[in-house]
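Have the model open beside you as you read. We will start with a pair of helices, follow their neighbours, and then step back to the domains.

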Amino acid sequence: MNNAHERPIKLGRISYTNAWPVFHHFDPDTLSVPTELHSDMPATLNRKLRAGDIDMAAISSYAYGVSSESYYVLPNLSVSSFGRVQSILLFLKSPLEKVLHGTIALTITSATSVNLLKIIMEKFYGGKPTYVEAEPSLEDMLEHADAALLIGDHAIRASWLNHGYRVLDLGDVWNIWTGQWMTYALWAVRKETVSRHPEAVREIYESLLASKRQSYGDFGPLVDKAIGQIGGTSDYWHRYFGALRHDFGPEQQSGLRLYFQYAKELGLIADEPRLEELPIPFLLDNLSNRR
Ligand SMILES: C=C(O[C@@H]1C=C(C(=O)O)C=C[C@H]1O)C(=O)O
């Protein structure tokens, strides 16, 4: 089989630990298709996939909603939680009553969580704060704001500081108000990449699923890497990875649909997107041709 392409398939990897269970055992060098990994913050990957600078990526679920007509969702991959997520945190310098009509600094690295925060502040709590975008640095953010939203490893590191602020975990608040899962990230592929390079997309997709399966068999290697790179204890990281889910089944989809419904109500998104998965016939056809 000839898998030659004019250029490698470019795959965007969220550099935060929350995506490691899908990426950790994924090795582009073992694939027959030339594949380039691009590691970045979610907001940057959202932009690059939109612009066609990369072909497929883990992106903010909100960013999928905005551009869903150009993408397929890779089935059964996500970053989700049922309740506490531990890495999407609002740090409150002022009391919540003041924050609701005060100023909130939002990390520029996020898209899903900034809109989740707006849903929580405005729809659930009835507030109307002013939002300002900021680099993800807790002390700088709180110099001019009543509260600060951090995500990913920035949130984790900040949660370990002796800061004394009250902290809201947005996964927890969402779950308390809705009883639902929350999906923060999805894996999306540009439709034009699928029509040009179906075999390559299939191979990369299967390899990501295999990596996820291996991670879920033993979080040990991910925990060791996280301790080495970020710090913290083995217990902390086992709990962290244990509280996340990287599947995208009916329960996660139902939570995400509700999120899009509320985002539409608040004018944060133009239309509620259809969650269009990479077509199954495409997968079955290709699976039946496997060596
Ligand atoms: C669980 C997380 O999910 C993430 C939150 C995202 C967002 O807010 O746009 C995007 C991707 C994920 O990194 C996290 O950041 O900790």
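**How the helices cross**

Let's begin with helix H5 (residues 112-124) and helix H8 (residues 170-178), whose axes come within 11 Å and cross at roughly 45°. That angle makes H5 oblique to H8, since angles under 35 degrees count as roughly parallel, over 145 as roughly antiparallel, 65 to 115 as roughly perpendicular and the rest as oblique. The axes here are lines fitted to C-alpha atoms, for helices over the stretch in contact, and the angles run from 0 to 180 degrees between N-to-C directions. Helices (H or I, at least four residues) and strands (E, at least two) are DSSP runs, numbered from the N terminus.

H5 passes H8 in a left-handed crossing; a crossing is left-handed if the near helix is turned anticlockwise from the far one by less than a right angle, and right-handed if clockwise. On the H5 side, the contact is made by Ser113, Leu116, Leu117, Ile120 and Phe124, and on the H8 side by Leu170, Val173, Trp174 and Trp177. Two residues are in contact if their C-beta atoms, placed from the backbone, lie within 7 Å. Sorted by class, this contact has eight nonpolar residues, one polar and no charged ones. In this scheme Ala, Val, Leu, Ile, Met, Phe, Trp, Tyr, Cys and Pro count as nonpolar, Asp, Glu, Lys and Arg as charged, and the others, Gly among them, as polar.

Before going further, please keep in mind that this is a predicted model, in which local features need pLDDT of at least 70, side-chain atom pairs count only at pLDDT 80 or more, and totals for chains, interfaces and linings use all residues. Residues are numbered from 1 along each chain as its sequence is written.

H5 has another partner to look at. H5 and H13 pack at an angle of about 65°, with their axes 10 Å apart, and are therefore roughly perpendicular to each other. H5 passes H13 in a left-handed crossing. Here Asn115, Leu116, Ile119 and Lys123 of H5 meet Tyr259, Tyr262 and Ala263 of H13. By class, the contact of H5 with H13 has five nonpolar residues, one polar and one charged.

Now find helix H11 (residues 220-229) and helix H12 (residues 234-243), whose axes come within 9 Å and cross at roughly 125°. H11 and H12 are therefore oblique to each other, and H11 passes H12 in a right-handed crossing. The contact is made by Leu222, Val223, Ala226 and Ile227 of H11, together with Ser234, Trp237, His238 and Phe241 of H12. Its classes are six nonpolar, two polar and no charged residues.

Next, the domains. The protein is divided into domain 1 (9-81 + 182-288) and domain 2 (88-178), with bounds that come from an automatic or database domain assignment. Their centres, taken over C-alpha atoms, are separated by 24 Å. Across the boundary, 21 residues of domain 1 are in contact with 21 residues of domain 2. Which elements supply the domain 1 side? Helix H2 (42-51), helix H3 (61-66), strand S10 (182-190) and helix H13 (250-265) each supply at least two residues. H13 gives the most, with four residues. By class, this side of domain 1 has 15 nonpolar, six polar and no charged residues.

Finally, how confident is the predictor? The mean pLDDT (the predictor's confidence in each residue, from 0 to 100) is 95 for the protein, and 94% of its residues reach 70 or more. Over residues 1-5, pLDDT stays under 50. The complex is given an ipTM of 0.97 and a pTM of 0.94.
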